Amino acid sequence: MWQHNTSTRMLLLISSLTQSNILTTLTITDLHPSAKTVASFKLPDYNSGKLEVQYFHEHATVATAVGLKKSPAVDFSATIGTPGIAFGAEASYVTSSGEFTKYNAGVNMTKPDSNASVVLADKGDSLKVSYLHHLNQLNGGAVVGEIARKFSTNENTLTVGCSYLVDPHTLVKAKLNNHGNLGALVQHELRPKSFLTISGAFDTKALEKTPKFGLALSLKP
């Protein structure tokens with residue numbers, strides 16, 4: 001007799017004393033050895049429902065999500081490749097207007113000491129080419145360069161950056177682009193999976209402006 005394994009998660013979110021939402025996720029994994037079906041919806045908002053089908057292969061992954069309403073949006077994504085090179089694409093189609101609201105594509109090449117990628121995004125309006133190289137001279141850190149072009153405004157942005165491991169628990173990063181924007185951060189691991197991050201940014205072409213600073217604390221048990 002055919003059987004399948006179904007898991008259901010239900011979460012009650014209390015938004016006020018008089019109103020509550022129930023978020024339910026239903027996952028079916030045994031319809032096919034390499035596929036998974038996920039259905040989710042939030043009550044009482046019946047239009048929030050979504051059905052997603054995921055297919056996994058050794059060298060490819062395909063996912064499709066459809067909103068459970070009269071004129072749903074359809075999201076599609078796919079990747080194919082090997083550990084050395086991979087191609088990916090994603091798109092969103094709105095059935096009510098008959099238009100694509102998003103479509104992006106890219107290719108990524110990975111080597112033991114470097115990583116390069118080319119991404120066409122914003123419905124073909126922007127192109128990003130980036131390269132990262134790991135250097136032993138930076139104590140396990142890396143240098144990175146990125147060229148971004150926006151075709152609609154004919155604008156080019158060149159960004160260079162680096163990261164440096166001060167010690168096994170402290171990381172320093174910095175980046176600068178051709179518009180004069182400089183950013184840096186220091187991240188320290190207080191304990192496993194818990195981090196303290198201090199960041200700053202300022203415009204080197206407008207030193208009269210006040211620099212921006214940030215502080216973030218992420219704690220996990």
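**Close-up views of a predicted all-chain model**

**View 1. A nonpolar surface patch.** Val129, Ile147, Leu158, Val160 and Leu176 make up a nonpolar patch on the surface, and their accessible area together is about 400 Å². Patch members have over 30% relative accessible area and no salt bridge; like charges are joined within 9 Å, nonpolar side chains (Val, Leu, Ile, Met, Phe, Trp, Tyr) within 5 Å. A salt bridge puts a side-chain nitrogen of Lys or Arg within 4 Å of a carboxyl oxygen of Asp or Glu. Areas follow the Shrake-Rupley method with a 1.4 Å probe; for residues, only the protein chains shown count as cover. Ile147 sits in strand β11 (residues 142-150).

The model is predicted: local features need pLDDT of at least 70, side-chain atom pairs count only at pLDDT 80 or more, and totals for chains, interfaces and linings use all residues. Numbering starts from 1 along each chain as its sequence is written, and side-chain values use heavy atoms, without hydrogens and water.

**View 2. The loop at Asp122.** Asp122 lies between β9 (114-121) and β10 (126-134). Its phi is positive, about 55°, although Asp122 is not a glycine. Asp122 counts as partly exposed because its relative accessibility is 44% (buried is under 20%, exposed over 50%, partly exposed in between; 1.4 Å probe, protein chains only).

**View 3. The loop at Asn154.** Asn154 is in the loop between β11 and β12 (155-167). Asn154 is not a glycine, yet has a positive phi of about 55°. With 53% relative accessibility, Asn154 counts as exposed.

**View 4. The strands.** The protein has zero helices and 16 strands (DSSP runs numbered from the N terminus: helices H or I, at least four residues; strands E, at least two).
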